[in-house]
Amino acid sequence: MNPLAAFHPARFAGLILAFMAFLAVMATTALAATAGDALRIGDTVALRVPGEAALSQDFKIDRQGQIILPEVGAVIVAGLTTREAEGAIRTSLSRVYRDLDRLTLALKDRRLLVTVLGYVKNPGPVEIPGDASVQMAIAAAGGLNQGAQLDRFRLQRKDREITFDYKKYLDTGDPGLLPALEPLDTLFVPASPRTGNVQIDFDGRTLAEAGDGGEDRSSIKVFGEVNKPGIFAFKPGSNAIDMIMRAGGVTRYASVEQIRIIAKGQPTIFNLQTFLDSGKAHLLPDLAEGATIFVPKQLEEIRSGKNTVYVMGEVAKPGAFDSKPGAGFIDILANAGGPTRFADTRQIRLIRADGTVALVDLPLFTEGKGGALPPVGAGDAIFVPEKTDTKEPSWLKIAPDRAVKLMGAVTRPGRFEWSDEMSLLDLLAQAGGPTHKADLARIQIRLGENDKGKPVLFDMTAYLNGQNTALPRLRAGAVIMVPDLPSSPVDMKGQWVQQAPEASIYVMGQVGSPGRYAFNTQMNFLDIIAAANGPTSAADLRNVRVSHRHGKGSRISKVNLARYFETGDDKLLPRVKPGDVIFIPDRNKEWLDDPKERTVRVIGAVGKPGRYRFADDMTLLDLLAEAGGPTSDALQTKIVVINITAQTEGARLFDLVGFAKSGDISRLPAVRAGDTVYVPNMAQSDWKIFMDGVRDVIPLVSLVALLGAL
């Protein structure tokens with residue numbers, strides 16, 4: 001039968017569709033399972049935000065259960081599903097980023113962060129796959145040491161402790177005997193009690209070097225100044241030299257004239273030097289089972305003489321030396337092997353026999369700047385101190401009269417050894433340089449702890465910019481303080497008090513972040529407005545006020561910031577100094593805040609009746625447009641403009657329809673601050689409402705005259 005004859009296209013297409021539906025169901029199930037699983041410490045998640053390269057990367061959940069995102073910092077995601085974590089990340093990023101609709105978060109890799117301690121080769125924290133077992137954790141720690149107790153493993157999980165038999169698992173291979181690992185678990189491998197209380201490497205070489213006699217009573221014990229002390233088996237006919245040779249012989253420090261041997265409870269002094277010089281066999285003491293041989297350390301006699309000079313400290317061969325007449329400082333130091341690499345050759349001290357001390361700066365002498373070296377006499381001592389390492393807690397090695405204290409916003413603050421050939425830049429470089437939060441424009445310097453005057457202020461920013469600023473001269477005992485830049489009062493309200501008032505400007509009103517801001521001579525009015533995140537949408541840019549408080553009293557200046565933005569004329573911007581107050585008012589402030597003499601009332605059939613600010617360059621048309629224009633039922637041919645001044649009171653009619661047809665500007669009535677504009681309603685035949693509304697504005701006689709004109 002032809003196989004192609006049995007091929008049915010419709011049936012084959014149905015099978016393909018069924019298989020694709022099965023794959024879709026499986027993919028949906030897998031995604032649901034992934035989205036529903038809680039994220040754990042150690043997991044790696046893939047964050048994708050199109051258009052934001054800094055955010056579109058992989059982030060690892062640390063031991064605190066959080067990921068560190070740019071701009072917003074830490075976000076806790078451990079214990080959340082991917083969807084919940086995605087929502088938490090979107091909420092945190094919304095403070096900085098706007099378009100987050102396409103933000104996605106997915107679990108990329110599961111890892112376990114556990115700690116393996118105890119009798120393993122490499123104890124400490126390990127990182128293993130998310131489904132790893134106890135055996136994999138032990139392998140990551142280098143495996144077990146010989147002598148580990150396999151049946152008493154302990155797993156510490158928070159306040160809970162689990163004990164399990166790892167030996168039984170090795171015997172049966174049953175994975176159910178091992179507890180499942182979770183993030184931050186601590187696995188402890190105890191040592192077997194049979195290993196004793198001393199760590200010993202169980203190999204043949206170590207045992208051989210410790211002797212071959214075991215601990216029985218017949219063994220010979222050899223210790224002291226020998227190369228390989230130990231316990232050795234007793235052999236009949238063995239003598240003291242045989243046992244000393246089995247112990248590797250004596251060391252260079254052995255006192256061979258005073259070797260002590262205890263045999264059968266009787267102590268004997270054996271002079272090995274005399275035996276070697278004479279070769280007489282009777283000088284060898286008899287040995288018995290259980291004897292003890294001790295080789296003491298040779299004690300040198302204290303050398304002294306009329307020409308002895310002592311060299312101590314960080315030299316290759318410290319000791320007492322017999323100097324010859326005419327021997328100089330360099331000769332004696334070279335005879336002692338010279339300074340080591342740990343020597344502080346700038347602080348060498350010559351202690352004379354009469355008790356006086358002379359300080360020797362050897363590098364300065366080698367540069368030809370230190371003058372002549374001091375003469376050395378009999379009984380003098382040369383002390384070469386150890387070099388001070390600022391990374392260690394050894395600041396006590398530097399005397400206060402040779403140190404400079406550097407504090408504040410530097411990488412490594414502390415006490416530093418000072419030399420007059422150094423400068424402030426050398427000191428800052430030794431301290432690792434200033435931090436990114438350092439206020440380099442206000443470095444404070446006191447030349448001594450007892451300096452009660454005002455500190456010297458140094459502007460390093462101006463110095464680095466090439467301005468005519470010299471580095472301050474320092475000396476030992478000086479105190480230098482590098483202050484921090486003031487923190488934003490919005491972000492760190494508890495630290496703004498550290499900012500000096502004489503270096504601050506106050507920004508109030510309709511700005512993004514009102515508060516107290518640092519200010520220096522390089523900044524201007526726009527810098528401080530920008531530091532406050534700029535004006536808000538409700539800011540009245542035409543009526544900005546600046547209170548100048550640095551002189552006698554307080555002077556107010558008005559700034560039209562809107563006109564500056566239109567013209568770019570820097571002359572419109574005021575000069576501000578520390579202590580000034582900048583206030584940007586609200587454009588939509590209450591109408592009661594403006595006096596009636598500065599506003600115009602617009603009432604009647606308009607879109608937004610009310611009180612409006614009026615300038616001399618405005619017309620009636622500007623007022624009507626600001627008030628929303630006349631309504632559809634307004635009587636536009638009989639608009640009333642009531643002028644009120646200190647001398648006269650009057651009213652004029654304005655035909656808006658006629659003006660629109662003619663365009664004659666002369667028809668526009670004059671409007672001044674304090675006037676009232678009334679737009680009547682076409683359906684209103686009785687003017688009582690208007691009379692009640694403006695009775696307090698114009699006399700009744702003027703109103704009757706106006707009605708007669710109608």
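Two strands count as paired if DSSP finds at least two bridges between them. Helices (H or I, at least four residues) and strands (E, at least two) are DSSP runs, numbered from the N terminus. I noted that Met508 stands opposite Phe583 in E30.

I record that this is a predicted model, in which local features need pLDDT of at least 70 and side-chain atom pairs count only at pLDDT 80 or more, while totals for chains, interfaces and linings use all residues. Residues are numbered from 1 along each chain as its sequence is written, and side-chain values use heavy atoms, with hydrogens and water left out.

**Entry: the hairpin**

I next looked up the pairing of strand E26 (residues 504–509) with strand E27 (residues 515–518), and found an antiparallel arrangement joined by four bridges. The two strands form a hairpin, with five residues between E26 and E27. Within this pair I located Tyr517 in E27 as the bridge partner of Ile505.

**Entry: a five-strand sheet**

I traced an open sheet of five strands with mixed pairing, in the order E17-E16-E20-E18-E19. Its edge strands are E17 (319–322) and E19 (357–360), each of which pairs on one side only. Strand E16 (residues 308–313) pairs with E17 in the antiparallel sense over four bridges. Here I found Ala320 of E17 as the bridge partner of Tyr310.

**Entry: helix H2**

I checked the length of helix H2 (residues 82–93): its twelve residues should span 16 Å at 1.5 Å a residue, and its end C-alpha atoms are 16 Å apart, which agrees. The expected span is 1.5 Å times one less than the number of residues.

I then listed the buried residues of H2, namely Thr82, Ala85, Glu86, Ile89, Ser92 and Leu93. Buried means under 20% relative accessible area, exposed over 50%, and partly exposed in between (1.4 Å probe, protein chains only). Down the axis of H2, the buried residues fall within an arc of 130 degrees, so they line one face of the helix; the arc is that of the directions from the helix axis to the C-beta atoms. The face turned away from the buried side carries the exposed residues Arg83 and Thr91.

**Entry: Gly124**

I located Gly124 in strand E7 (residues 124–129). Gly124 counts as buried because its relative accessibility is 10%. Leaving aside residues up to four places away in sequence, Gly124 touches Val114, Thr115, Val116 and Leu117, a contact being heavy atoms within 4.5 Å. I also noted a C-alpha separation of 9.4 Å between Gly124 and Thr186, 62 residues apart along the chain.

**Entry: chain and confidence**

I counted 17 helices and 35 strands in the protein chain. Of its 710 residues, 35% are buried. The average pLDDT (the predictor's confidence in each residue, from 0 to 100) is 79, and 80% of the residues score at least 70. I marked residues 21–35 as a stretch with pLDDT below 50 and five contacts beyond near neighbours in sequence.
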